[in-house]
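Please view the sequence and the model side by side.

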Amino acid sequence: MLPHTPDWLPAIAPWLDLAGLVVFAASGALAAAKRGQTIVTLTFFALVTGVGGGTVRDLLIGAPVFWIHDSRAAAACLIVAFAVWLTPAAWWRGQALDWFDAVGLAAYAVFGAAKAIGYGVPPVPAALMGVVTACVGGIIRDVLAGEPSILLRPEIYVTAAALAAGLYVGLGQIGVPLPVAATVGTLAGFALRAVAIRWKLALPAYRGGRT
């Protein structure tokens with residue numbers, strides 16, 4: 001019997017969900033805004049980026065698709081899109097998109113793993129569901145924006161999501177209180193992504209037969 005129950009993380013889970021949803025929606029809206037798109041495009045980018053990973057996760061674990069049954073999720077994405085539309089472009093220059101994405105990546109990875117555990121998914125697939133939750137929205141955003149997908153770039157991204165989800169699941173399995181495990185996983189995933197952004201860290205690329 002796994003140490004988790006369907007009421008996983010009763011206190012912190014909604015905040016992780018909200019943090020991931022809002023910052024991913026913001027990253028999607030910013031991707032459209034940087035290309036001078038309309039408010040309609042900003043809202044579409046915000047929605048698909050915010051709910052994309054969670055939608056795939058819910059379909060895979062047999063859960064009701066969260067944003068179909070809770071209008072607050074879609075409403076939050078739309079509010080974020082309008083907030084980006086109404087704020088000065090100077091606020092979003094530099095690496096704002098990367099930092100928003102880093103926060104959402106870590107929070108959503110932990111939340112996705114927690115939800116999978118709550119639905120009876122074994123530990124290893126549950127950690128992978130955390131990665132799916134955290135990364136699929138960004139992949140959709142990059143494809144729509146015409147950017148190289150995060151999966152095709154060597155920068156540390158998916159690894160940070162895997163660290164966050166893996167730590168949460170691993171610590172939970174050895175009896176660490178779930179709010180503590182969630183906090184440690186989220187902070188570790190964000191820290192790894194932040195270091196990668198700051199110092200341009202990347203995983204080594206495949207070299208094949210080259211010498």
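The model is predicted.

**Helix 1 with helix 5.** The crossing is left-handed. Helix 1 brings Ala13, Leu16, Asp17, Ala19, Gly20, Leu21, Val23, Phe24, Ala26, Ser27 and Leu30 to the contact. Helix 5 meets them with Leu97, Phe100, Asp101, Val103, Gly104, Leu105, Ala107, Tyr108, Val110 and Phe111. By class, the contact has 16 nonpolar, 3 polar and 2 charged residues.

**Helix 1 with helix 2.** Here the crossing is right-handed. From helix 1 come Leu21, Phe24, Ala25, Ser27, Gly28, Ala29, Ala31, Ala32 and Ala33. From helix 2 come Thr41, Leu42, Phe45, Ala46, Thr49, Gly50 and Val51. This contact has 11 nonpolar and 5 polar residues, with no charged ones. Leu21, Phe24 and Ser27 of helix 1 take part in the contact with helix 5 and also in the contact with helix 2.

**Helix 4.** Helix 4 spans residues 71-86. At 1.5 Å a residue, its 16 residues should span 22 Å, and the end C-alpha atoms lie 23 Å apart, so the two values agree. Which residues of helix 4 are buried? They are Ala73, Ala74, Ala76, Cys77, Val80, Ala81 and Val84. These residues sit on the same side of helix 4, because they cover an arc of only 155° around the axis. An α-helix has 3.6 residues a turn, so residues three or four places apart point the same way. The face turned away from the buried side carries exposed Ser71, Arg72, Ile79 and Leu86. Helix 1, helix 2 and helix 3 (66-69) are among the elements that cover the buried residues of helix 4.

**Thr133.** This residue lies in helix 6 (residues 123-145). Is Thr133 buried or exposed? Thr133 counts as buried, because its relative accessibility is 1% and the cut-off for buried is under 20%. Beyond its neighbours within four places in sequence, Thr133 is in contact with Gly53, Gly54, Arg57, Tyr108 and Gly112. Of these, Tyr108 also belongs to the contact of helix 5 with helix 1.

Technical notes. Residues are numbered from 1 along each chain as its sequence is written. This is a predicted model: local features need pLDDT of at least 70, side-chain atom pairs count only at pLDDT 80 or more; totals for chains, interfaces and linings use all residues. Side-chain values use heavy atoms; hydrogens and water are left out. A crossing is left-handed if the near helix is turned anticlockwise from the far one by less than a right angle, and right-handed if clockwise. Helices (H or I, at least four residues) and strands (E, at least two) are DSSP runs, numbered from the N terminus. Contact means heavy atoms within 4.5 Å. Ala, Val, Leu, Ile, Met, Phe, Trp, Tyr, Cys and Pro count as nonpolar, Asp, Glu, Lys and Arg as charged, and the others, Gly among them, as polar. Buried means under 20% relative accessible area, exposed over 50%, partly exposed in between (1.4 Å probe, protein chains only). The expected span of a helix is 1.5 Å times one less than its number of residues. The arc is that of the directions from the helix axis to the C-beta atoms.
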